[in-house]
Amino acid sequence: MLGTKKVAELVAFFKERKLPIIDQKANIEEIVTDMTHFEHSRLLYVVDHNEKLIGTISWGLLTRHVFSTSHDPQIHPRFIMSMITAETAKDIMQKNPLFITENELVETLLKKIIQRKVQEIPVLDREKRVIANLTIVDLLRFLIKSRKH
């Protein structure tokens, strides 16, 4: 069913969706505001001055930062200090994010999502810029539509 379908076909299916991208210099208020504007996404994609992906901020990561005074006692104090002093997206982002390229197979996308137990993944172009973000629900919708055609 997935055969040789490329991620580019899936990207085209969702091309009108606004991407949850934020500049690395965005402050915490901007991060919170932007995160609430993307109902389909649980991540913000942090980009540098060349619009290249450098990290991600998840709802969980943002929540731990904003509510750091209510932290879990299992969290190492060094992590808490870095969260409290963080001021920008770059300060709190998770580095080395999982991604896929538009030339990879949809089957590879599915394997990455399942193996890493993630709900969504950014799609990057050759310059490492985010051109789409895809969720497991998007993949299911695409597969259903592909079966009908």
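Tutor: Start with K117. K117 is exposed, because its relative accessible area is 73% and the cut-off for exposed is over 50%. Bear in mind that the model is predicted. K117 sits in the loop that links α6 to β6 (120-124). Its backbone deserves a look too. K117 is not a glycine, yet its phi is positive, at about 55°.

Helix α6 covers residues 106-116, and helix α7 covers residues 136-148. The two pack together. Two packed helices are described by the angle between their axes and the distance between the axes. Here the angle is about 145°, and the axes lie 11 Å apart. The crossing of α6 and α7 is left-handed. Which residues of α6 and α7 make the contact? From α6 come V106, L109, L110 and I113. From α7 come I136, L139 and F142. Sorted by type, the contact of α6 with α7 has seven nonpolar residues, no polar ones and no charged ones.

Is T135 buried or exposed? T135 is buried, because its relative accessible area is 9% and buried means under 20%. Set aside neighbours within four places in sequence. T135 is then in contact with H40, Q119 and E120.

F99 belongs to the loop between β4 and β5 (100-101). It is partly exposed, at 25% relative accessible area. Residues up to four places away in sequence are again left out. On that basis F99 touches K112, I121, P122, L124 and K128. Take P122 from that list. F99 and P122 are 23 residues apart in sequence. From C-alpha to C-alpha, they are 5.1 Å apart in space.

β1 runs parallel to β2 (residues 43-47), and three bridges join the two strands. I22 stands opposite V46 of β2.

Between β2 and β3 there is a loop that holds E51. E51 is a residue other than glycine, and its phi is positive, near 65°. K117 is likewise not a glycine and has a positive phi. E51 counts as exposed, at 53% relative accessibility.

Which residues of α3 (residues 59-66) are buried? They are L61, L62 and H65. Why do these residues lie on the same side of α3? They cover an arc of only 95° around the axis, and this puts them on the same side of α3. An α-helix has 3.6 residues a turn, so residues three or four places apart point the same way.

Key
Residues are numbered from 1 along each chain as its sequence is written. This is a predicted model: local features need pLDDT of at least 70, side-chain atom pairs count only at pLDDT 80 or more; totals for chains, interfaces and linings use all residues. Side-chain values use heavy atoms; hydrogens and water are left out. Buried means under 20% relative accessible area, exposed over 50%, partly exposed in between (1.4 Å probe, protein chains only). Helices (H or I, at least four residues) and strands (E, at least two) are DSSP runs, numbered from the N terminus. The arc is that of the directions from the helix axis to the C-beta atoms. Axes are lines fitted to C-alpha atoms, for helices over the stretch in contact, and angles run from 0 to 180 degrees between N-to-C directions. A crossing is left-handed if the near helix is turned anticlockwise from the far one by less than a right angle, and right-handed if clockwise. Contact means heavy atoms within 4.5 Å. Ala, Val, Leu, Ile, Met, Phe, Trp, Tyr, Cys and Pro count as nonpolar, Asp, Glu, Lys and Arg as charged, and the others, Gly among them, as polar. Two strands pair if DSSP finds at least two bridges between them.
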